[in-house]
Amino acid sequence: MIRKGLDGGSFKPLNEEAIERVHQTVIKVIEEIGFEVNSETALALFEGAGARVDREQRRVRLPQELALELIDRAPSEIKLCGQDEKNDIFMGGKRVYAGTGGTALYIYEPDTGQKRPATLDDLKRIARLVEQLDNIHLFMLTTYPNELPLEQVDVNRFFAGLNNTTKHIMGGVYTIEGVKNIIRMGEIIAGSAEALRQRPLISMITCSISPMKMDAQYGDLVVEIAKSGIPLVCPAEPLCGATSPVTLAANLAIQTVDSLMGVMLTQIVNPGTPAILGSVATNTDLRTLNYLAGSIEMGLINAAGAQMAQFYKLPFYATGGMTDSKTLDSQSGYESALTSLLCALAGSNFIHDAAGLMEFALTVCYEKFVIDNEILGMVMRAVEGIKVDDNTLAYDLIKQVGPGGNFVAAKHTRQFMRSEHYQPTISDRNNRDDWQAAGGKVTWEKAAEIVAQILANPRYNLPADTRNKVLSEIPAIID
């Protein structure tokens, strides 16, 4: 049974008063402190929209009324489409989906305990793997192809995704030319420019620089993507004690300001642009100022971020499911599970980085995608909660069986046994003798068997004529 798009929201790290206080702080920062904008195009757009602009400091301040008006222009719900309609995602409210993330530089191989640089072929294989993992609902481009020059990275990453999975493709971008090529490729695959806007098969990500700064490159990218009408995530990554105050509440406020800065710019450029509030916020190891990917505080901050997105009626892209571990050990499992669970129960619309990532998000592991798919199946079962009605309470059956009876052979048991309880794919629930008789495999070894099985039959996703048209019109693509 596939569970996706279920309503979360049962976990609320913020009460109503706390949400309002965070909001008031966010507005004060936007109105009184402002943020630095280093894109000339973006600076002019903010000024033209009525923001107060200090050109010398490149500082932009928006009055509360203007800020709230711009936020209100952004759609509350966004559809992210797959090439197969069964993979469509409806972001908004408290509906929960999970997917991959990136952009990792290395591949970890658990049989050797070593890592190596990621290549374009790795990205293709990971897309094929994700296609078959039901609890991973969206494919965010996971790795960086180290062998390619920068000008070829954008379009080749998106083509690797579109050509190897029918799930929605989301990814970060690096160049204006790359954005244009990606959009043209999407239009060819969708059938036309209008068809791509009606059913967006792709979405893009541009990041602000915490605290309260938009650099020239990403400001220009926000403008270009917003003009195109393609869905856009505007995440921020404040780090407690480094690029935000050390407290979680202050980090949440900075994250919200930084992400809203991108959302507001999209609505100035093109009102109604499908913009997504985003968070990659976490804390730091204050001994070293290292970024932490698996801390429980990361889960709390991103869960609270979901509540703020719900307050502003914006779709939300959260971060969870990662680990700081360098191997597939217990730390890898509990860190990945806890942060994904907190984000999901809070109603985060898309939990990115929820599969495959490890070692401070620098590395991915094929086997971890399979393990995380198992974790996410359990997480989504928790989101579903407990349904209480006459059928699930089963009073009549309890009365029929009576004291001292059992329910093993009951029709009610057969009716609910598969849907009521999550059915694991790699978790071992046998006794020790049966486990040893089956080879005594540990979790990653069973995951490796699934990876090998899925990747044994390589195939393209795109029809041959579509793929050939893309390759002929965009020569930078490496097939």
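Trainee: Is asparagine 164 buried or exposed?
Mentor: In this predicted model, asparagine 164 has a relative accessible area of 9%. That is under 20%, the limit for buried, so asparagine 164 counts as buried.

Trainee: Where does asparagine 164 lie?
Mentor: Asparagine 164 belongs to the loop between α5 (150-162) and β11 (169-172).

Trainee: And what does the side chain of asparagine 164 reach?
Mentor: It reaches the backbone oxygen of alanine 160, at 2.8 Å.

Trainee: Which residues is asparagine 164 in contact with, leaving aside neighbours within four places in sequence?
Mentor: These are Lys124, Ala127, Arg128, Glu131, Arg459 and Asn461.

Trainee: Turning to the helices, at what angle do α11 and α12 pack?
Mentor: The angle between α11 (residues 330-345) and α12 (residues 366-384) is about 35°, and their axes are 9 Å apart. The crossing of α11 past α12 is right-handed.

Trainee: Which residues make that contact?
Mentor: From α11, they include Ser336, Ala337 and Leu341; from α12, Ile375, Leu376 and Val379 are among them. The residues of this contact comprise nine nonpolar, four polar and two charged.

Trainee: How many residues of α9 are buried?
Mentor: Of its 22 residues, 20 are buried, so α9 is mostly covered.

Trainee: What span should α9 have?
Mentor: Helix α9 (residues 248-269) should span 32 Å, because its 22 residues are taken at 1.5 Å a residue. The end C-alpha atoms of α9 are 32 Å apart, which agrees.

How values were computed. Residues are numbered from 1 along each chain as its sequence is written. This is a predicted model: local features need pLDDT of at least 70, side-chain atom pairs count only at pLDDT 80 or more; totals for chains, interfaces and linings use all residues. Side-chain values use heavy atoms; hydrogens and water are left out. Axes are lines fitted to C-alpha atoms, for helices over the stretch in contact, and angles run from 0 to 180 degrees between N-to-C directions. Helices (H or I, at least four residues) and strands (E, at least two) are DSSP runs, numbered from the N terminus. A crossing is left-handed if the near helix is turned anticlockwise from the far one by less than a right angle, and right-handed if clockwise. Contact means heavy atoms within 4.5 Å. Ala, Val, Leu, Ile, Met, Phe, Trp, Tyr, Cys and Pro count as nonpolar, Asp, Glu, Lys and Arg as charged, and the others, Gly among them, as polar. Buried means under 20% relative accessible area, exposed over 50%, partly exposed in between (1.4 Å probe, protein chains only). A polar contact is a pair of N or O atoms within 3.5 Å; within protein, one must be able to donate a hydrogen and the other to accept it, and residues adjacent in sequence count only if both atoms are side-chain atoms. The expected span of a helix is 1.5 Å times one less than its number of residues.
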